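Here is a friendly note to read alongside the model. Please keep the structure open as you go through the points.

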Amino acid sequence: MKVLIKGAGDLASGIACRLHQCGFTIVMTDLTVPTAVRRTVAFSRAIYEQTAEIEGTTAELCRDMAKVEAALHRGNIAVVVDPEAEIRREWKPDVVVDAIIAKQNLGTSIHDAPIVIAVGPGFTAGEDCHCVIETKRGHYLGRCIYQGSAIPNSGIPGNIGGYTKERILRAPCAGRFAPVVQIGDMVEPGDICGTVDGIPMRSQIPGVVRGLLQSGVPVTEGMKLGDVDPRCAPEHCHTVSDKARAIGGGVLEAILHLDKMIK
């Protein structure tokens, strides 16, 4: 089956890894300048590095349909710069997965493919898509919802190691971002992790830098630029997260269930 995944951030990439391992053919779309902070486990990194590898799965940046087909023939994932996912009109996927994680529907329709799955809040199964996958950490993470919506966005990041919003590194002002540390580095409260037009962005907690935006990206004040993981396990920075793996399992379940219903 051909699966088009809108978005190529860390959650979308966790979905892609799980589906690719199960034999699905995958194309992913993202922005010209990706803003995934967990970029070591985001296939969107291929947009500025040409290729990206996560847990043995490789994605290639493809600039036209011929390159998409060549990448897929090699058994890789194709990543295209296509914010509106217009490639679906030519490629005609069997499944569209909206994994942009925008907390709102930015244009996905239940008519985009025979099977349309949306990840997280902002969608209603039966109206915008055929299934919604729960993304909130806790008892229902990864659940397939065939009628209704996911739990609304609370605006508070999930609790990891006793920290929620304190984990997030946010832009102190608008401007261009310059990292000072690297993903995988250990930091303490008050340490400078990056700057925006020379203004420092400091960690609020001790831990490992799990995500950090790439250098030179234009940002807005308060924008999420990174996160610090208090569990202090640098190896986690380079593998699919528990959350992404659970959501990927939900997407896989939904595809198989809905395909069976169609047939």
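**Notes on the predicted model**

1. Let's begin with K67, which is partly exposed at a relative accessible area of 43% (buried means under 20% relative accessible area, exposed over 50%, and partly exposed in between, with a 1.4 Å probe and protein chains only).

2. A word on the ground rules. This is a predicted model, in which local features need pLDDT of at least 70 and side-chain atom pairs count only at pLDDT 80 or more, while totals for chains, interfaces and linings use all residues. Residues are numbered from 1 along each chain as its sequence is written, and side-chain values use heavy atoms, leaving out hydrogens and water.

3. How many salt bridges does a search of the whole structure find? The search gives 9. One of them joins the side chains of R245 and E55 at 3.0 Å, N to O. R245 sits in helix α5 (residues 242-262) and E55 in the loop between β3 (51-54) and β4 (57-61), so this pair ties together parts that are 190 residues apart in sequence. (Helices, H or I of at least four residues, and strands, E of at least two, are DSSP runs numbered from the N terminus.) R245 is partly exposed at 34% relative accessibility, and E55 is partly exposed at 38%.

4. Now for a buried pair. The side chains of D227 and R210 meet in a salt bridge of 3.1 Å, N to O. D227 belongs to strand β17 (residues 224-229) and R210 to strand β15 (residues 207-212), so the pair links parts that are 17 residues apart in sequence. D227 is buried at 1% relative accessibility, and R210 is buried at 9%.

5. Next, the sheet. Its 9 strands form an open sheet with mixed pairing, in the order β3-β4-β5-β2-β1-β6-β7-β8-β9 (two strands pair if DSSP finds at least two bridges between them). β3 and β9 (144-145) are at the edges with a single partner strand each, so one side of each has no neighbour in the sheet. Strands β2 (residues 25-30) and β5 (residues 77-81) pair in the parallel sense over 4 bridges, and V27 stands opposite A78 in β5.

6. Please also look at α5. This helix lies across β1, β6, β7, β8 (131-133) and β9, at about 155° to β7 (axes are lines fitted to C-alpha atoms, for helices over the stretch in contact, and angles run from 0 to 180 degrees between N-to-C directions). Among the buried residues of α5 are K243, I247, V251 and D259. The buried residues of α5 pack against β1, α1, β6, β7, β8 and β9 (contact means heavy atoms within 4.5 Å).

7. Leaving aside neighbours within four places in sequence, the contacts of V97 include I5, I117 and V251.

Technical notes: A salt bridge is a side-chain nitrogen of Lys or Arg within 4 Å of a carboxyl oxygen of Asp or Glu.
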